[in-house]
Structure formats: C-alpha cells, structure tokens
Amino acid sequence: MTTLLYVEDDEDSIYMLSNRLQREGFEVLVARNGREGLDLAHDQRPDLIILDLVLPEMDGFETARRLRASQATAGIPIVALSASVLPEHRHRAIDAGCDDFEIKPVEFSRLLEKIGGLLSDAGRE
Amino acid sequence: MKIQLSSLRIRLLLAFTLVSGFAIVAALAASYSFNEVGKVLQLITTQRVPGAVSASELARSVERIVATAPRLLNASNEVEKSSVRDQLDIETAELNRLVTRLRNTLDSPDFEKLSPAVATLQNNLDEIDAIVGETLRLVANKEDLLKQLEQDYISFERSIAPRLLRAQARLQQLQNAAARKQSVDVDELLAATRAAQPLQQLQHETSAFRDGLLLVSIEPQINNLELLTFPLQRSMQRINVLLRDLPDDAVNAISPRIEALARYMSGARSLVSERSRELALIERGNQFAARNKVLSLQLTEVVDELVSGALNDIDSANSQALKVQRDGQMIMLGVVLLALLCSVLIVWLYVDRRIVRRLRLLGDNMSAIAGGDLHGRISDDADDEIAQMASALEVFRKTAIEVEESNLREINEARLQLYNAIESISEGFCLFDVDDRLVLQNNHYRELFGLDDSHLGSSFETLLGRAMESRIETDMDSDEYFRKRLLHHRDAPGPFVQQLQDGTWLRITERKAENLGTVAIYSDITEIKQHEQALDRALGERDETLGSLEAVMNAIDYGILFLDKDLNVSSCNWAFRQIWGLSSEEIEQAKSYRDIFDLNYGDSVVESSDTGWQEYVEARIAEVEQGSFDAHEVTTRNGKTLLHQCVAIADGSRMLTYFDITPLKRVEDALRLSEERYALALSGANEALWEWEMGNTEIYVSQRFHEIADLPAHKEGLSKEEWMALIHPQDREQIGEALIEHVKGRADFFDVEYRMLGPDREYHWVQHRGAGLRREDGWVYRMAGSVGEIEARKQLEFTLRNAKEIAEQNSQFKSQFIANMSHELRTPLNSIIGITEMLREDVAEDGPEAFNEPLTRVSRAGKHLLNLINDVLDLSRIEAGKLALYPEHVEIETLLTDAITTAQHLIQQNNNRIHLHISDEVKFIYSDPLRFRQIVLNLLTNASKFTQNGDIHLRASYEKSAGEEWLSLAVSDTGIGIDKVFLDKLFVEFAQEDSSATRRYGGTGLGLTISQRLCSMMGGEISVESAVGVGTTFTVKLPAIPGSYADTEIMSSRASMQ
C-alpha cells in the first residue's frame, strides 16, 4: 500500500484531507509540525510527503531542506501545500526542494493527479 | 671581317684553345676513371656483398635445421613433434627464400651443387618426420602391450597366489608341528613341500620372465634383443616344465595365464618384435640425421666457396677500380703538365716577346708626347694591332704639333681682344704691377689725368703727385690728402670718392690681386652726387610737413594709433592717449601693438574674462594683421563705447582709429531699457523686477522686492554677494548653476525656485526667473527678470505630495492586508470546501438525497468565495504594481487547446460548440503562460456563460498595425450580446451588466477587469464588439514576440531540470 505523510497543523485540514486520501486507498501518516514530520519521514520512509509551509516549531521550507539534505529522505517526492498565494512562497518552496506546489483550498482531483505523477516518476527512477 | 692569321687575336685564340683542349682531355680522363670506380662500387654493393651475406645466412639456416633435426627424432609425443616440425618448416621456408635470393644475386657454378643438397635436406627432414611418426605409434603400441602385460601378470599372480598360500600354510603347519616335536608324517611333509615348491618356483620364474620382457622393452641396442630373448625362452621352458609338476586343477587355472604371457615373447605382436621395429626405425632416423649432418657440411662448404668467390670478386673489383683510378691520375697529371708547359711557352715566346715589349715601347712614346716632346720617332714594322696602334699614335703626334701652333695664335688674338675691351669700357681703368708701377691704362684714364703711354712704368706715388698739382680738387691739406690717398691705394678697403677740379666726382674702386698688383677703376659719379643733394633737400621739407601733421592729429578727437608693417607702434595722437588713459612716456616704452594691450589690461575692452585675456589679445592682433576692418562698437571696462576701425596702408602699416561715442550710446540705451523694463513688468504682474547691466556691480531691484526680501527700504540695488546671502544656504548652489547654464547659452532663460529671507527674517519660497540680452556675438551684456513669492503654491505641492505618498502607502498596506487576509481565509475554506465535497461523495454513495442539495450549495459558495478572493487578490496586486510576469516561450496551440479542455465542462453545460482556428504562421509567443492562459480562459468562460446552444470561435492570427506585429486572439460567441450602454463599463470592476447577472451567471465580475489589466501589462489591449441578441466578440491583441522552437525546448528542459 502506498504511504503518504501529511505534515499539517490545521486539524480540520488534517481531518478532511487524510480522510479523502484514505478513501483513495492511500495509507496516510500525519505529523503536526516540521520536526515530527522529519522524524516520521526517517522512521517510516513514506512514498510521498504533503507538506504545509506554515508550521509551528519548524516551518515547511526548513523541513523540506532537511528532508532533501538527509540521504534517507532525499529521494521522497514532496508536494508543498499552502494557503499563501504569494509567488515568493512558491519559489522558496521549490528552492527548498519541494517537487510541486498546491494551493489551499485544495482542488482534490488536481492534487491526486500530482501525487500520481510524482509517484510514477519516483517509481521509474 | 677579314681573318688574318697574323693578327694577335687569332694567335691568342689558337694558344688558349690548345690549353683548353688539354683541360678537356684531363676532365674526360677524370670522368672516365670516376665512372669506372663507380661501376665497380655499384657491383660490390648491389651484388657481391648481398650475395655473400645471403650465402652465410643460408649456411647458418642449414646449421640450425640440422641442429634441430635430433630434437625431432627425440620427440616423445605428437605435440612435441609437431611443434619441432613447425619450427623446422619455418626454417625451411627461410632456407628456400635465401636460396631464391641467392639465385638472383649470384650466378656461380657452385650454386648448382647447392639446390640438390637443399632438396635432399628437405626430403631427409620429411623422412625423419615420417619415421618419428611411426616410432611414436610403435611406442604407443608398446605402452599398450606393457599395460596388458602388467594385467596378464596380475592375472597370473591371482591364479597362483591362493594355491601357493595354501601350500605354504600347509607346509608351515607341518614344520611348526615338527618343531614342537610332534609326530609328523614325513610323507605328508614331503607331499606338502612338493606341492609348494613348484608353485614357488613357478612364481619366481614368471616374475623373471616378466622382468626380462620389461628389459626388452627398454633395450636401446637392436643387436642385444636376441640376447635378451634367449633367457626368456629358457624361462618359458622352465615354466612349462614346472607346470607339468602341478596338479591338474592348478595347471588348468595357470596355464592359460602363462600362454598369455608367452605371447609377449614371440610372434608379430610380441614386445620383442615391437621393440625391434622401434629400434630399427630409430636407427633409420639417426641415419637420416647423420646424412643431414653430412649434407650440412657439404652445404657449408658450398656456401664457403660462394662467399669466398664473392670476396674474390670484391677484391678483383677493388683492384680494378684502383688500377683505373691510378691510370686516370697518371693521364690527368700528364695532361696538366703538358698544359702548363704550353702556357709557359706561349707566355714566354709569344706574349712577352711579341706583345708586351712592343706595348712598352709604345707606352714610352705616348708619355713623351704627353710630356710635350712631339718629335720622338714612332715606328713598328709588324702587321698586327699593335702596329696599327703605333701608326695611330704617329697620327696623334702630328695633330698635336698642329694644335700647339694654333693655340699660340689664339692666345695672341685673346690678348688683343682684352686690350680692346679695356679701351671700350666707360670707366677709367689702370693696372699697377707688384712694384706699384703703371703697366696698363685705357684711354679714359689717360684723359682723366692727362696721361699718355710715356707714363707707363711710372710709380703710383709719382702719378698721384702729378694729379694733385693739376687735377684733384680737395679742401684737405695736400700732404694729409696725399697720405690718405696713398694709404687707401695700398689697403684698398673700399671705394674712394674724389672730386676733380672740373667738378667731376669720381668713385675709385681698387682691388689688390695676388701676384698681379692693383687694379683701379675710376667711375664718374657726378650725376649721383647731384641726386643725393636734391634728396637731402626733400628730406628737410618732409620733416617740416610731418611736424604739422602731428599737430593736426593731436587736434582731432579721434584716437589714432599708427603701427608699422610689423605691428610695432609708430605713433599715436593725443586723443588716443586720452581715451586709453596712457601717458606719452608709456607710449614711448610700448614697442608693439601687444604692449599697448598690456598697458591697457584692467581698463580695456571687456569682451573677455581674465582667463581668456591672452586669447583675446591674439584675436585682436590677428584681426589687425589681416587688414582693414570697418568701424564697429566696442565697450571698455570703464563703460566707454568706442567706434573702432582699422585702415591698412599700402606700405603694410596700419592706422587704427578709436572714436568715443559713449554719450550717444547713453541716450540710445536709455530708450531700449525702458522698453525692456516695460516688457518684463508685463510678465511679472505681482513680482519684483530686477536688472543688471554690464559694468555695474549692483543689481537693480524694483520696489516690490522690498516686500518679499529682507532688504533695507532705501536700497535700490544690491550686489551679487548680498543677494546670495539672502538665499537659503542649501539652495545657493542651484542658482549659480542655472545662471552659468544660461550665460553660456545652454539655456534660453533661467528659472529657479529657492527659499529667500523675507522681511520677517524667515525663509519663503520664491521663484526667480530671468534672461540676458545678448550682443550679436552672444555676449550677455544685460540681464533682467523677476522674483515672485510662491509660498502658497509650495505648500499646496507639499500637501499633495504627502497625500500621494500616504495614498500609495495605503494602497501598499491594502494589498498586503488582502494578501494576508487571503491566507487566513483560505485555510478554513480549505476545510469547508474539502469536507463538503467529502460529504457530498458520502451522500451520493450511501446517504439520503436531502443532504445533497444544501451541501452542494455550501461547496459552491465556498468555491465562489475562493474565486472572489483570487480575483480580488489579482486585481489588488495589479493595482499595487505587485504582479510580476514570468515570460517564456509559449507554444500557442498547446496553450489554447489546454484552455479549451479546462473550459470544456462549462462550454458543454450550455450545450455550446467550440471551434479553434489557428493561422499556419502562428506558432510561438514570448509571454507569461499562466497569465496568458488566465485571459483566454476568462474570455472562454464568459462566452460559454452568456451563450446557449450556440457556437464559440477562438481565432489566433497575426496582424499588423502601427508598424508592429500583433498576435490577435478573438473569442466570438452567438450569445445574448451586450447593450451599447454597458460596453464602456465592461472593464470596470464588479460591473456586470446587471447586478442580478452575477447571481444568474456566476462569476465575480472581476474577470474582464483583470484580463484587461493583464493585457495592458503585457503591452497589449483588449477590445469588444457586440450586438444584443447576435453575439459578442472580445479581441485580445498582444505584441507578437515569437520564440523559436529550439528556444522553447531549451526553456522547457531548463524548467524540468529545476
């Protein structure tokens, strides 16, 4: 089963998105801040990470950078997810190592497409 | 030409031809001997030496083959044999090659012996090869036989061993019993012994037989084989005897074994015969090897003969070459000696006796003629060129005699002509010799002093004394005159002027000539003397005139300065000194026109600044140098206006005039000034007026100035420094700059705003404007302008600027606020929209229909809210100038197709059909793909929303307007259309045609506004045409900046790398 790690601090969003992803057949791990996300990513090695950018303790940019810096997690695709519409956030997320960026509110079908694409890319490699 | 054998040319030609002939013979002999030597060397290097080398190589090759042959013979297996054989083959091939080469280089009878020997050698090798093959086969057979022998022997051992053991055991038992002193049946003991003994012997004998066979198999001498066979046969006989003693059963068991073993001794397949065959073969092989050795020796002999033959050839060729060389040397030596002898004979007998001696004689004759002896005898009896030269010299001698006579004649004629010439000159001429005695005189001289030819030979002193008595007029003391004249005559420093008593003036020019004496010429200068006196009188008169002219000049009020042709000062008049304030002494000291300027420095014409003084002076001097110029006005620093003119006089001198017209100018200026003031006053209604005039230190200001500036009421003017003091220190610099710009002619007028100290001792903003009046040469001689208070306007400006800044800041805050708000709104919206969608899915799958409707509404409202936020955000970003474009090379067709796919759902909702038309040439555009798509999508969405069951066309093409190329995108629909009244409002935010439309048709009402702003950001525009009930066409025009496909690939590959 494909395992996704969802790093998010907004409980409603966690409830909504993890539910919907589970219905699509994914196993969803949830971390509520960047540090927790890093630990989970190391221990569980998920197939893909959905990363909110505004997080307590360690923000999404830093988390993405550390995920990329560590050999164990460097290969895991990351989709950044944020309510911010500022273009610089998008650029910073890509610079930090995120593979894609999705804006909140999530358009679920598009998110699924992106996840599918990234997973098949990662599978090929 | 007639060929004369006796001529020198022919004889010399013959002699030298003879010598040359010898040289050619010598050269031919040398060439022949070199050629012979060359041929011999050629023979040695190309044939003999390679032949000898090949022959010794061949001998070595044969030796190698013969040395290798025994190895072939001793080969113990097929592999070794074939490897040795291969080696031999290589050697044989080499041998054949050498033989062939030798055949080509040597043709010796010995060679015939070589070929068959080599062939035999090869045959022998083949034989040895065959023998070795056979031997190897035999050896293999022998090995097999030995193995079988071993087996057969083991079989024999097996058949005999148990019986022997039993018999020996029985015997042992009986012997032991006997040893223990038990009663033993002797017969029994004997029987047992008899039973054991033959068996034991049989075993021994058989073992010996086998050993004999093994010896046979390795016997190296064929002759010994028979000797070895003999004990074998004896053993076999004994075995057969022993067999007879054995019981039947034992015989039955053992005898077949024995028979098997016996076969190895005799018969076709016996070890003996095999070994004998093998040895025979080895013998044969050895014979061949021996034969090879003999062959090798023979070959070596032949080769030695060949080599020694070649060496002999080389020796004989060398000696032949040496002989040829020696012969050549001898021939050359002889020929050279002969040539030398011939040359010596020719030189001695012919050249010296017949040519040199005669030439020397002729040369002596020539020297005599040249030395003036024209009477020597010249004769040569021979009949050749030298004789011809002698006769020519004789002719020359006779001619020279004639010439000498004619020269003497000519000299006499020339002397006569000289006398005539002297007589004919108009001056008196006389010549005194070295002793100062008269030797030559002409008629004129005689007349002047009443002399005749009897006076020739008289001394100068005598003649002078005579002349002083009767002819010379002088007011000097006669003795003194005599001395002076005599002194002059001896030194002759220059002309001497003398008057005669008849009034004639004489100029005496005397010259001393080296070794000749003194020549004197007496010229009559009476007329010149008269002219000189007339001139002196005229000069006196001129001085008088000049005196009166100066008086006139001093009387007139024009300043006049005369310069000579080098522009040095000649004179000037009183008025000139007055105008320039110069004293007579200063003028006296001034040498040149330039000095006048230097005297005038500081009080002169003001046309230049201090730094430009030198240039100014140079320009003025150059002007005067050029010649006359017309009168023009100049102004001096002390305010005088002068009318200045230059007149060039024919002798190159110049007259400069200066006329002071200052009083006239004052009247004229006053008039113009009032006109200008009037004009300026008109321009500055409520403004203070100012003016400044060249030469004035103060700037005049009008009364109004006192109301705006801190200036005491009684002052009507102020200096530049005083004015600057009124200006706010921070603003002082700019007025200086503006003034300079204007004065230098770079600005038509100047206009500055600065803070000026007012009567209330506070700074107020004023506007200071002005302009200068220029003369024809551009020089500003007057300036005027106005100063007005602009405090109120400045205040207003400040207020406005502040307000604008605040507004800009507000706008900034606003968009920041909206951006932040957007984030805050989006987070809960994320959950609202997500969860309602989730619930709708649940309801659709398993819940009651009743929930579906409200949930759909919540979901739709959430999405609408999101769209609204996005649009407001876009708009606010555009307004705040915060929206950045990220242009790249975009493939238009892909983008349009993609937009249509996105809008497909909406298009189909109203049952519309979409048609895409792209002109062939439309491929790429350099644009922000996201925003480009946003515009297209917005227009498509609009068209689908306002059209039912209709057609929507999307057209992309290029069009040209205003000289540039544009990409035109037109979206046309067949929808409800837009009323003309609303067409203008279309692009204003939140302005759908009817506010209910928002609800009816959805959308935020911001789409068109955003599209229009995006278009203009991209440098394009959007326009609309519509007819109610017919349809609407929106046309977007963007600058066509196409990229190439290659660029796009690079861009996209970069993008994917990132």
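Predicted model: local features only at pLDDT ≥ 70, side-chain atom pairs only at ≥ 80, totals over all residues.
Together β15(B) and β16(B) make a hairpin, with five residues between the strands. One residue of the turn, B:Arg761, has a positive phi of about 60°.

## Six-stranded sheet

Chain B also contains an open sheet of six strands, ordered β2-β1-β6-β5-β4-β3, with antiparallel pairing. The edges are taken by β2 (438-441) and β3 (472-473) of chain B; each has a single partner strand, so one side of each lacks a neighbour in the sheet.

Within this order, strand β5 (residues 505-513) of chain B runs antiparallel to strand β6 (residues 517-524) of chain B, and eight bridges join them. B:Arg507 lies opposite B:Ser523 of β6(B).

## Cavities

There are two cavities of 30 Å³ or more. The largest cavity has a volume of about 100 Å³.

Its lining comprises 13 residues, and those nearest the centre of the largest cavity are B:Tyr445, B:Phe449, B:Leu463, B:Ala467 and B:Tyr522. Two elements of chain B, α9 (443-449) and α10 (460-470), each supply two or more residues to this lining. The most comes from α10(B), which gives five residues. By residue class, the lining of the largest cavity holds 10 nonpolar, one polar and two charged residues.

Methods
Residues numbered from 1 in each chain as written. Chains lettered and ligands numbered in written order. Heavy atoms only, no water. Pairing = 2+ DSSP bridges. Helix = DSSP H or I, 4+ residues; strand = E, 2+ residues; numbered from the N terminus. 1 Å grid on protein atoms, 1.4 Å probe; cavity = no way out; pocket = protein on both sides within 12 Å on 5 of 7 lines; lining within 4 Å. Points joined across faces, edges and corners; volume = space filled by probe spheres on them. Nonpolar A, V, L, I, M, F, W, Y, C, P; charged D, E, K, R; others polar.
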